[in-house]
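Here is a friendly briefing to read with the model open beside you. Take the topics in any order you like.

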Amino acid sequence: MSGPVLLLAHSLKRMRTLVLSMGALLGAFQVVLVLVAGSIQRSGGFEQLSALLPPFAREMMGPSMTSFMSFGGIVCLGYFHLVVIAALVGLSIAVATVPASEVETGFIDLVLSRPLARHWIITRSMAAVILSIATVIGLMMLGTWVGLSMLAPPGAEWPSAKLVGSLALNLGLLMLCWGGMALAIGSAARRRSVAGGCTAVLALAGFLLDYVGRLWNPAARVAWLSPFRYYSSFDMIVGGSLPAKNVEVLCGVALAGFIAAHWLFARRDLAR
Amino acid sequence: MRDVAAVSIRGISKHYGKLKAVRNLELEAAPGEVLGFLGLNGAGKTTTIRILLDLLRPTSGSAFIFGHDCQKEGLQARSQIGYLPAEMGIYSDLTGRDVLDLLAGLNRKPVDMSHRGELQERLGLADSDLRRRLREYSTGMKRKLGLIQAFQSNPLLLILDEPTEGLDPLMQEAFNALVADTRRRGATVFMSSHVLSEVDRVCDRVALLRQGELVLLSTVEDIRQAASREVRGYFAEDAPPPAVLPPGATMIDGGPRVWTLKVEGLLGPLMEVLRTLPVTDVEVVQATLEDVVMKYYRGGVE
């Protein structure tokens, strides 16, 4: 095994418990959501809920509430639920700030005193971010499929594979975007807590900006700055397809983050 | 590779804002040499070592390992290095074997497992110890593990930062023997240390840093020779001290039957003086490396 592959394997081994347990939990959450959606479906609750909410209230409450109106919407809730998104952003940050942690603990001294180029540290982390996000979201999709196959009531309208795939792809790219930003910040930081904290604050600011931008016109003018703006879960649930712009912007930001991380890490002093 | 210096530091400076951690350092270590790199805390030893490993970038100057620029040709420069950091930054949930295997895998050349076994035996780290997680290791065991990972690939250059910190006296002896063997096989050892007796025993030359500047670079033997010795002369009858002593000799205590003198340089001229007196015994107390280095540490020598 070559040095970079060995380093990646080491990182994946270290984070496997976190990634697999989070994936299992979110996959199980999807199964539970199918159960919940089936229960509401059987009691005729979707029609009642839809009739209760006036249009302005649906807009105010945001996509996660209005999407309750269908079996498919409930099943897909896991892909845009605030807690799930927060957990996934946290995971992206945790994986992407490993270089800062390695500088902080001095592990990097042992690794880079070997004939291994610095850029492999960042490339390894980039690969680890992609693989961990793909694993968790893959397990969510698996949970969705297992739940629907085994627990969906007869006659319930399943969310299409395209919808689930688009939501998963958009969510994955959103997490990749935060992973890129965390990696860029972590590549310049001496402390993992600083890198993680800065990225978490940015993510919170981005989320709030997007939320306010949906409700208030003056904020809408700057809401394009938030990566969350490029996650169109509601549009997709109501029948839209994944906008190409979302893919371009999120991939672009992630790529910019990775390039910045390489550039910063190559030039910095690696000192505790 | 035998023709080029193992380590060549040419005018390296490293500044952190106003703080000058290393100032215009010029230093070479020849192949097969054991060079002791001394200095108080904050003298710039670790900074220099980190520049050699390209973990830090110098403000000015260049450093070379076997002719390869540490910054521009870092991979080639580091391909022959075994490094022991002052503190092993390793994950405590890994086992000793995980650490050795991981670090061996990052080297370009495979590790001879029988050599690793021999190192384990010499340093007293059994296979059962390697199966334990590092959180269960004592400071000394971590140090032994650090030494094994540095020596296991038989590198041509060993850069050791405070290698015997935390080792018991027996293991310090084992380390000294390991360094001696390493030198015999032609490898170079560049080690920083606070333990002057250890440097005295294992090093060929000493480089001493003070506030980032090289203030002494010499062989251990030359340092001893150049250092002042204490000479005591014992007389059978009262011997009044002479009015004029030979150059380099200073009377510390001129008692009637015992003189205590400090002598710098050759002893011959003083012996000529003593030859004319009823001497019963002469005692020469050699200066230790510690005596000399302590003077530099205190700033008493420019």
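Two strands count as paired if DSSP finds at least two bridges between them, and the strands themselves (E, at least two residues), like the helices (H or I, at least four), are DSSP runs numbered from the N terminus. This is a predicted model, in which local features need pLDDT of at least 70 and side-chain atom pairs count only at pLDDT 80 or more, while totals for chains, interfaces and linings use all residues. Residues are numbered from 1 along each chain as its sequence is written, and chains are lettered from A and ligands numbered from 1 in the order in which they are written.

**Chain B as a whole**

- Chain B holds 11 helices and 14 strands, and its C-alpha trace spans about 75 × 45 × 35 Å along the principal axes.
- Of its 302 residues, 40% count as buried, meaning that 20 or more other C-beta atoms, placed from the backbone, lie within 10 Å of the residue's own; 12 or fewer makes a residue exposed, and anything in between is partly exposed.
- The domain assignment, which comes from an automatic or database source, gives domain 1 (7–224) and domain 2 (228–286) in chain B.
- The centres of these two domains of chain B, taken over C-alpha atoms, are 44 Å apart.
- Among contacts in chain B with a separation of 6 or more, 70% come from residues 24 or more positions apart; a contact means that the C-beta atoms, placed from the backbone, lie within 7 Å.

**Sheets in chain B**

- An open sheet of 4 strands runs in the order β2-β1-β4-β5 (chain B), with antiparallel pairing.
- β2 (19–29) and β5 (68–69) of chain B are the edge strands, each with a single partner, so one side of each has no neighbour in the sheet.
- Strand β1 (residues 7–16) of chain B pairs with β2(B) over 8 bridges in the antiparallel sense, and B:V7 stands opposite B:A29 in β2(B).
- Helix α1 (residues 45–52) of chain B lies across β1, β2 and β4 (60–65) of chain B, at about 115° to β1(B); the axes are lines fitted to C-alpha atoms, for helices over the stretch in contact, and angles run from 0 to 180 degrees between N-to-C directions.
- β6(B) pairs in the parallel sense with strand β7 (residues 157–161) of chain B over 4 bridges, where B:L84 has B:L160 as its bridge partner.
- From β6(B), B:I81 and B:Y83 point one way and B:G82 and B:L84 the other, and all are buried.

**Where the chains touch**

- Chain B gives 21 residues to the contact and chain A gives 19.
- On the chain B side, α2 (74–78), β6 (81–84) and α3 (96–105) are the elements giving two or more residues, and α3(B) gives the most, with 3.
- That side divides into 12 nonpolar, 4 polar and 5 charged residues, where Ala, Val, Leu, Ile, Met, Phe, Trp, Tyr, Cys and Pro count as nonpolar, Asp, Glu, Lys and Arg as charged, and the others, Gly among them, as polar.

**Two places to look in chain A**

- Helix α6 (residues 82–96) of chain A has 15 residues and reaches 21 Å from first C-alpha to last, close to the expected 21 Å, which is 1.5 Å times one less than the number of residues.
- Its buried residues, including A:V84, A:I85 and A:L88, pack against α1 (3–43), α7 (98–105), α9 (119–151), α10 (161–188) and α11 (192–215) of chain A.
- A:K245, in helix α14 (residues 244–267) of chain A, is exposed because 11 other C-beta atoms lie within 10 Å.

Methods
Contact = placed C-beta atoms within 7 Å.
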